[in-house]
Structures are given as structure tokens and as C-alpha cells.
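Please read them with the structure open beside the text.

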Amino acid sequence: MSTSVAAPTPVAAAKHPVKWSWLAIAIAIGLAVAFMPTPEGLSHTAQLVLAIIAGTVVLWAAEVMNNGVASLLMMGILMCIGVAPLTTVPGAAPPGVSGALSGFSDGAWWTLMVVVYYGFAMKKTGLAERVAYYILSLFPGTFAGILSAFFLIGLLLSLGIPSMTVRTAIMAPIAWSLVQTLGLAPRSKASALIMITVVEMAVVPGLAWELGSLNGPVVVSMFAAKKIALTWGGYAQVMMVPTLIMCALILVMNLMLFKAEAPIHVSRDFATGKLKSMGAIKRNEMIVAVVVILSIAMWVTNPTYHKLPTFVIGMFGMAIFALAGVIQDSDIGTGISWTLMLFLGGIFSLTHLIPQYKITDWLAGILVPRVSPLIGTPMLLLLVVALVMLVLRFIDPSAFIVIPLLWTPLVDTLSAGGIPPLVLAAPILLMSAPFFLLYTNFWMAMAEGMTGKQGFSKGQLFYLAGLYVVAALIATVVGVFYWKMIGILK
């Protein structure tokens, strides 16, 4: 998924004191929350759960250790304070499961696992690169044409590759190769325009689909925890138009307000030459393409024509990949990031534990009185939610914690006031990938590393990050009109 949750990178010995300092800070913050007077509305156990979460967030943000191991440590400490590994939630219909390890029994975790393997299969076989170069060959070699091509590449790849990191790992090297082929100066506006916009197009278009980004399984998990039905089609109905509007705004604003030093013209030979070197489409690419297309069709038609859960469909797809030799035995352990899987297993467990210990009720007591007066003006309310998400992202560099932490306490009250759950989630998701600072956006950090810090400057990044925020806010405003037009929002 990202540098924060992917396989651990060896850390030089000189950095160890900094990591130990952050470990001390994490412990201090956890102890401070644990021993402060228990807030009204929270049990002592709930306060301890909050303390453990607070300390763990610091571990994740500062990458004190492998983030998957930090997630395991969090779950271990939770069980030490009396949180059951797995427990049935009384009174839930259908019966629910909670506990420190409940994230791994969550359908969202299994959905994540299988679709990440889908992305691995597309990358391994070369299908993803073939699609990218083919689309590039269809567009004119101007800035507008190239960036529009990368938008379409990101949108199509998101249908089969939910990991924004994998998409960035495919698209950013192609973009950097293009920059070098054109001889663009390091950190020039032309180079920055291409590299930063390409990373945005690797990340943002996937928000249109339920499984187009790794935020999707988080949304699935938090909807399941609240017993709210969520379908692929229902998600797309709410998110696709605002997401496409946001992408269009990013492209237009980046091109108009961050003009390169001089126009460019790229020969189609760049893309066609790459395609020619790849040769004819291979058997394994065809198998992966068919499985991905059929899987998407099955996801879209649930529950109208069948009731197979998303992860069950993915399990059959994985079996086909294994039988066809697309996925080998060695790929099971190395094909996806198990650091990511352990990290998100802990996150999904928190989506069950936070409501179980009434932490969401406590948060609702803080947030709802401040937000409920805005229910009569949905546009203003959703803009406030988007801005709150922007602020919270500086605290949680993954976004996986703050998405349910902001949505869950508000959803019941706002649903009763006429704001549907997915509409409430929309501004949170649109504002989920700011990049004023690299630690809040792993994919920009990846691109900086891939280009040897020559692709763009910090100032260029900050300026285009501002345009990203404006695009997210405008897309939210336009979304309100769209949701009202189709009858989702009254």
C-alpha cells in the first residue's frame, strides 16, 4: 500500500535514536491518555483502548517499527487489558463479532487480500503496463493529452488494482521515463506538472469504485460494523460523478494555474515502441484480463442477480490464477505486502472495538452538537466535514483510522437528518489524499524516491496540493447538486 505499510525498509543505525525517541513519545502519549481523568461517557476500559490507539498511531506515523508488527503489538496490548480476542456482539442482527482480532474475521479483510492479489497478477503478467502504454499511444503528445491519458490509465487500472501504491509503481516510472526522454530539466515546472499530476491520477480516480482504492475495504468494514447495506452499484452511484469531477478539476487547474516553461510534443513512438518491445499479448495476460472483467461484472450485479460476497468471487479468481500458473507458490508469500495485511487487520479490528466500547457514542457527544445545526444546509455541513478530514490527515498519515473515526460518530444523527451514509463518506474520501507534506501522502513520497528527488520541489508540491484541496471542495459542492438531482439527497 505505501511506504508506511509496505515491506519494511532497512533503517540506518544513525536513525535509531530518532526511532527510540518516537517510541518514548508514543509510550508517553499512551500513558497520558490512560491516566488522565476518565472523560464523562467513557468507561475506564474504553479510556485504555483510546490510550492504546493513541500510542499506536504515533508508532504508525513515525514508522518506529514495521507497521504490521506495530498493529500486532496493539492487538496484543488490547488483549492484556481484557479485550477478548473474539467475541459475539450481543443484540446485533445479524450476529456480529468484535474483539482484538476481529479484523481478520471481517469480510473486508478477505476482500482486501484477494483484490490485492488481483493487482499483483495484473502487474506480474505485464497487463497493467500494456494497458498504460496502449492508452498513451491514443492521446496527443501535449501536456493536456499526456495527463488526460494518465487519468484514463489510473481510472481503468483502478478497476483491477485497488492498491494506489501498485498503480503508482506502474504509472510513475512511465511518467519519469517520459520526462527523461523529453530532456526536461530536473525540478522544472514541466517535470513537476507531469510527475505530481500522474501520481494524483494514480490515486484519485480509484475513489469512484468501491474497490478502486484501499480506502474501499475500510468503508466496507465500517458500513458492516453499523449494519448498513453497501453495494458496488450503490457506492458508484454516489462516488463516481464527484470523483470524475475532481479529477477533471485537478487536470484543468494544474494545466492552467501551473503552466510549464514551454509546450511539449511527444511522438507516439514513445508508447508504440514500448508496446512493440512487449510483443503480442500473452496467455497469462488474457487469463488475468478475463478474470478481472468477469469479477467486476459479478461485483456489479450483486445482489441483483446473485448473493455471492465480493471476497468469495475473489477467492474463485485466485484459484483460477493458481490453476493457470499466473500465481506461483512463491508468490503467495511475496506477491502482496503482508505488512499491509497485518496493519489493516488491526484497523478493521478497531472499527469493531470503537463502537463496542461506546467510544463512538462519546465522540458523537462531542461532534454531533457542533455539526447538527448544519443539517439544514447539507453543502456547508459536508464542506466542514471535508475540512475536518484535511486537518485530521496531518495526525493520521494513513487515513485508515480517521475515516471511520470521523464517519462513525456522525452517521446515525446525520442519516436521521437526511444525509445518507455514503454522502457523508464522500467528502471524507475526496479529501483523503492531501500532500502538503510528504508524510501525509505515501505515493508522492514514492514518486520523490523514484525520481531521486529530481521530479519536483517542495514548493511545487505545496502549490499543487493547494489545488488538490480546492478540487476536493468544489467536487463536494457539485456533488451536493448531483445527489439532489438524482434523489439521493433531499
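1. Which residues in α2 meet which residues in α3? This is a predicted model, and in it Val-49, Ile-52, Thr-56, Leu-59 and Trp-60 are the α2 residues that touch α3, where their partners are Asn-67, Ala-70, Ser-71, Leu-73, Met-74, Ile-77 and Leu-78. Sorted by class, the residues of this contact comprise nine nonpolar and three polar ones, with no charged residue taking part.

2. The geometry of the pair can be stated as well: the axes of α2, which spans residues 44-62, and α3, which spans residues 67-80, come within 10 Å and cross at roughly 165°. Because angles over 145 degrees count as roughly antiparallel, the two helices α2 and α3 are described as roughly antiparallel to each other, and the crossing of α2 past α3 is right-handed.

3. Taken along the principal axes, the C-alpha atoms fill a box of roughly 65 × 60 × 50 Å.

4. Two further figures describe the protein chain as a whole. Buried residues account for 56% of its 490 residues, and, among contacts between residues at least 6 apart in sequence, 78% join residues that are at least 24 apart.

5. The crossing of α6 past α8 is right-handed.

6. On the α6 side of that pair, the contact is made by Phe-143, Leu-147, Phe-150, Phe-151 and Gly-154, and these meet Ala-190, Leu-193, Ile-194, Thr-197, Val-198 and Met-201 on the α8 side. By class, the contact of α6 with α8 holds nine nonpolar residues, two polar residues and no charged ones.

7. Is Thr-168 buried or exposed? Thr-168 sits in helix α7, which covers residues 164-182, and its relative accessible area is 1%, so it counts as buried. When neighbours within four places in sequence are left aside, the contacts of Thr-168 are Pro-173, Ala-202, Val-203, Trp-443, Met-446 and Met-450.

8. Val-292, in helix α12, is likewise assigned as buried, with a relative accessible area of 9%. Not counting residues up to four places away in sequence, Val-292 touches Tyr-118, Met-122, Leu-159 and Gly-160. A separate distance is given for Val-292 and Ala-121, which are 171 residues apart in sequence and 9.8 Å apart in space, C-alpha to C-alpha.

9. Phe-104 lies in the loop between β2 (96-98) and α4 (107-125) and, with a relative accessibility of 23%, counts as partly exposed. Its contacts, leaving aside neighbours within four places in sequence, are Met-75, Trp-109, Trp-110, Met-341, Leu-342, Gly-345 and Gly-346. The C-alpha atoms of Phe-104 and Gly-346 are separated by 8.1 Å, although the two residues are 242 apart along the chain.

10. Most residues other than glycine have a negative phi, and most peptide bonds are trans. Arg-187, in the loop between α7 and α8, has a positive phi, near 60°, and with a relative accessible area of 41% Arg-187 is partly exposed. Lys-453, found in the loop between α20 (442-450) and α21 (458-485), is not a glycine either and has a positive phi of about 65°; its relative accessibility of 48% makes Lys-453 partly exposed.

11. Where in the chain is Pro-303 placed? Pro-303 belongs to the loop between α12 (283-300) and α13 (310-324), and the peptide bond that leads from Asn-302 to Pro-303 is cis, with omega near 5°.

Technical notes. Residues are numbered from 1 along each chain as its sequence is written. This is a predicted model: local features need pLDDT of at least 70, side-chain atom pairs count only at pLDDT 80 or more; totals for chains, interfaces and linings use all residues. Side-chain values use heavy atoms; hydrogens and water are left out. Helices (H or I, at least four residues) and strands (E, at least two) are DSSP runs, numbered from the N terminus. Buried means under 20% relative accessible area, exposed over 50%, partly exposed in between (1.4 Å probe, protein chains only). Contact means heavy atoms within 4.5 Å. A crossing is left-handed if the near helix is turned anticlockwise from the far one by less than a right angle, and right-handed if clockwise. Ala, Val, Leu, Ile, Met, Phe, Trp, Tyr, Cys and Pro count as nonpolar, Asp, Glu, Lys and Arg as charged, and the others, Gly among them, as polar. Axes are lines fitted to C-alpha atoms, for helices over the stretch in contact, and angles run from 0 to 180 degrees between N-to-C directions. Angles under 35 degrees count as roughly parallel, over 145 as roughly antiparallel, 65 to 115 as roughly perpendicular and the rest as oblique.
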